[in-house]
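I opened this notebook to record what I looked up in one structure. The entries follow the order in which I consulted it.

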Amino acid sequence: MAERARQKAGEVDARVAAGEAGSLAGTILAVKDLIVMKGGRVTCGSRILADFVSPYDATVVERLEAQDAVIIAKTNMDEFAMGSSNENSHFGAVRNPHDRQRVPGGSSGGSCAAVAAGMVTAALGSDTGGSIRQPAAFCGVVGLKPTYGRVSRYGLVAFASSFDQIGPIAQTVQDAGDLFRAMAGHDPKDSTSAQLAVPVLDEHSGEKIKGLRIGLPKEYFADGLAADIRTAIDQLVARLAADGAEIVDVSLPHTEYAIAAYYIITTAEASSNLARYDGARYGYRAEQSDSLEEMYVRSRSEGFGEEVKRRIMLGTYVLSAGYYDAYYRKAQQVRTLVRRDFEQAFTVCDCLLTPTTPTTAFKLGEKTADPLNMYLSDVYTVSVNLAGLPAMSVPCGVDSANLPLGVQIIGNAFDETTVLKLGRHIEQSRVER
Amino acid sequence: MAITIAQVEQVARLAKLQFDSEEKKRMAEQLNLIVDYVEKLNELDTSEVAPTAHILNLTNVLREDSVEPSLSPEEVLQNAPRQNNSHFSVPRVIKEL
């Protein structure tokens with residue numbers, strides 16, 4: 001890893017000197033440890049992959065290095081990206097740089113903490129139900145989840161394949177946009193990557209937000225939202241209105257069903273995806289097993305952590321005979337209803353503005369005994385993944401305890417440009433004040 | 001509809017996982033809490049709603065079947081816990097009589 005980074009840095013120096021530097025020259029990156037790099041370990045925060053060395057590069061790694069980014073580190077994460085606090089890693093918890101007694105959020109907690117602490121220019125995360133945006137909000141950095149299909153998943157270890165998406169975490173919206181454009185676009189190695197051109201119009205063009213129709217979904221401002229976050233967003237909305245944006249009240253009536261549908265579908269997909277870890281071809285193997293069956297069972301039971309096993313069990317249960325229609329099919333139907341809510345909203349507005357999280361960063365250990373309560377901390381982020389839409393968390397000040405809070409911008413499918421444009425405006429208006 | 005210890009054992013068999021008796025009890029309790037919560041979906045009438053399996057509506061993404069470089073056998077086997085003659089090696093499958 002270090003050797004590869006030094007070599008790449010040397011190449012970048014030479015290209016800068018020759019006047020041929022790529023668009024990301026000077027960018028120092030960290031990569032969440034579920035994105036593979038040839039010759040490097042990729043653990044997914046799990047004992048079962050603790051010694052796994054990738055024989056190939058993820059497409060995003062190839063594309064970022066092609067633009068002269070230098071990748072210097074892999075970052076800790078919740079095991080297989082399952083968690084909202086980064087306490088589920090086999091290698092230990094990550095702490096929040098703003099308050100070390102608090103969690104950084106998850107599952108891309110290591111990436112967000114590294115960016116917040118200034119250890120790297122930016123980092124890559126992955127977002128299945130908020131795993132880029134929620135920790136970005138908790139750590140006071142920018143986190144963008146692109147539209148599903150926008151960025152290749154080749155070389156991203158799978159959690160829930162119809163949800164997972166790689167995205168940038170950065171100190172500024174501009175950096176996030178630059179990384180996004182370098183990574184995005186069709187990849188023949190990922191058959192679910194979209195055959196659409198990546199927008200070249202960028203968010204720094206100085207274009208004003210006058211006339212931009214910003215929807216406020218009332219379900220995201222209901223009970224359970226911390227008062228300080230509500231106040232900060234109310235003030236932001238007032239500024240945006242003063243800057244010429246048109247504020248529209250909208251409703252996403254199926255929001256309260258999103259978490260339930262999300263946990264059924266993602267655990268079902270995970271139970272299938274994680275069946276590959278059986279100790280036969282790679283990963284942890286329990287030795288001295290008397291039979292193949294025993295080797296499978298012991299390798300998995302000793303290799304996976306508690307939360308991963310819980311989700312495999314839930315996913316297996318909802319897919320099992322007699323329960324498939326009641327749970328899995330039902331959840332897929334509700335997924336349709338959640339999508340329709342957004343389609344309806346986007347007939348009257350160009351993007352949506354919501355809090356990213358209902359609270360600021362909570363304390364380590366505060367929610368570990370209660371998995372359902374932990375799941376509910378993703379209440380404002382999971383709907384976006386059910387619908388496959390792009391969304392970004394942008395810092396929006398601090399609460400009374402001086403902890404960062406984030407505002408979420410949700411765009412229509414493949415309209416990252418509007419998301420980035422509004423994010424840039426929010427960031428600039430905060431700097432100017 | 002509460003999940004019993006027997007059901008936890010049955011699902012664990014399907015998932016190729018094993019738990020001790022304390023873990024089974026805790027798993028049953030936690031799964032029951034989560035399943036009780038997701039029962040919320042039954043408040044919605046979805047009889048006329050088509051399921052969404054995938055948001056991109058892609059079907060059958062095809063390409064030319066051309067020969068391209070792939071990983072070498074050494075690379076494929078580099079993470080094998082055990083190997084033998086360029087094969088993955090696992091415990092004996094066929095029992096001796």
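**Entry 1: the model.** I noted at the outset that this is a predicted model.

**Entry 2: the make-up of chain B.** I looked up the secondary structure and found three helices and two strands in chain B. Read from the N terminus, the order of these elements is α-α-α-β-β. I then asked how the radius of gyration of chain B stands against the globule rule. The radius is 23 Å, whereas the rule gives 13 Å for 97 residues, so chain B is more spread out than a compact globule. Along the principal axes, the C-alpha atoms of chain B occupy a box of roughly 55 × 45 × 25 Å.

**Entry 3: burial and surface of chain B.** I recorded that 29% of the 97 residues in chain B are buried. The chain exposes about 7,300 Å², and 51% of that area is supplied by carbon and sulfur atoms. For charge, I noted 10 positive and 16 negative side chains in chain B, the centres of the two sets lying 11 Å apart.

**Entry 4: a nonpolar patch.** Which residues form a nonpolar patch on the surface? I found L71(B), V76(B) and F88(B), with about 220 Å² of accessible area together.

**Entry 5: salt bridges in chain A.** Side chains of opposite charge can pair when their charged atoms come close. I noted 24 salt bridges over all chains of the structure. One of them joins D33(A) and K74(A), whose closest N and O atoms are 3.0 Å apart. This pair links distant parts of the chain, 41 residues apart: D33(A) sits in the loop between β1 (28-32) and α2 (59-66) of chain A, and K74(A) in strand β2 (residues 70-75). Is D33(A) buried or exposed? I recorded D33(A) as buried, because its relative accessibility is 10%, where buried means under 20%.

I also looked up R181(A) and D178(A), which meet in a salt bridge at 3.3 Å, N to O. Both residues belong to helix α5 of chain A (residues 173-183), three residues apart, or about one turn of the helix. R181(A) is partly exposed, at a relative accessible area of 22%, and D178(A) is likewise partly exposed, at 26%.

**Entry 6: salt bridges between the chains.** I found a salt bridge between E293(A) and K16(B), with the closest N and O atoms 3.4 Å apart. E293(A) lies in helix α8 (residues 292-303) of chain A and K16(B) in the loop between α1 (5-15) and α2 (21-38) of chain B, so the pair joins two chains. Both partners are partly exposed: E293(A) has a relative accessible area of 40%, and K16(B) one of 27%. I then noted that salt bridges with shared partners join E306(A), E307(A), R310(A), R311(A) and R26(B) into one network.

**Entry 7: a histidine of chain A.** Where does H425(A) lie? I located H425(A) in helix α13 of chain A, residues 416-432. H425(A) is buried, with a relative accessible area of 17%. Its C-alpha atom is separated by 25 Å from that of E343(A), a residue 82 positions away along the chain.

Methods. Residues are numbered from 1 along each chain as its sequence is written. Chains are lettered from A and ligands numbered from 1 in the order in which they are written. This is a predicted model: local features need pLDDT of at least 70, side-chain atom pairs count only at pLDDT 80 or more; totals for chains, interfaces and linings use all residues. Side-chain values use heavy atoms; hydrogens and water are left out. Helices (H or I, at least four residues) and strands (E, at least two) are DSSP runs, numbered from the N terminus. The radius of gyration is taken over C-alpha atoms; the globule rule is 2.2 Å times the number of residues to the power 0.38. Buried means under 20% relative accessible area, exposed over 50%, partly exposed in between (1.4 Å probe, protein chains only). Accessible areas come from the Shrake-Rupley method with a 1.4 Å probe; for residues, only the protein chains shown count as cover. Lys and Arg count as positive and Asp and Glu as negative; His and the chain ends are not counted. The place of a charge is taken as NZ of Lys, CZ of Arg, CG of Asp or CD of Glu. Patches are made of residues with over 30% relative accessible area and no salt bridge: like charges are joined within 9 Å, nonpolar side chains (Val, Leu, Ile, Met, Phe, Trp, Tyr) within 5 Å. A salt bridge is a side-chain nitrogen of Lys or Arg within 4 Å of a carboxyl oxygen of Asp or Glu.
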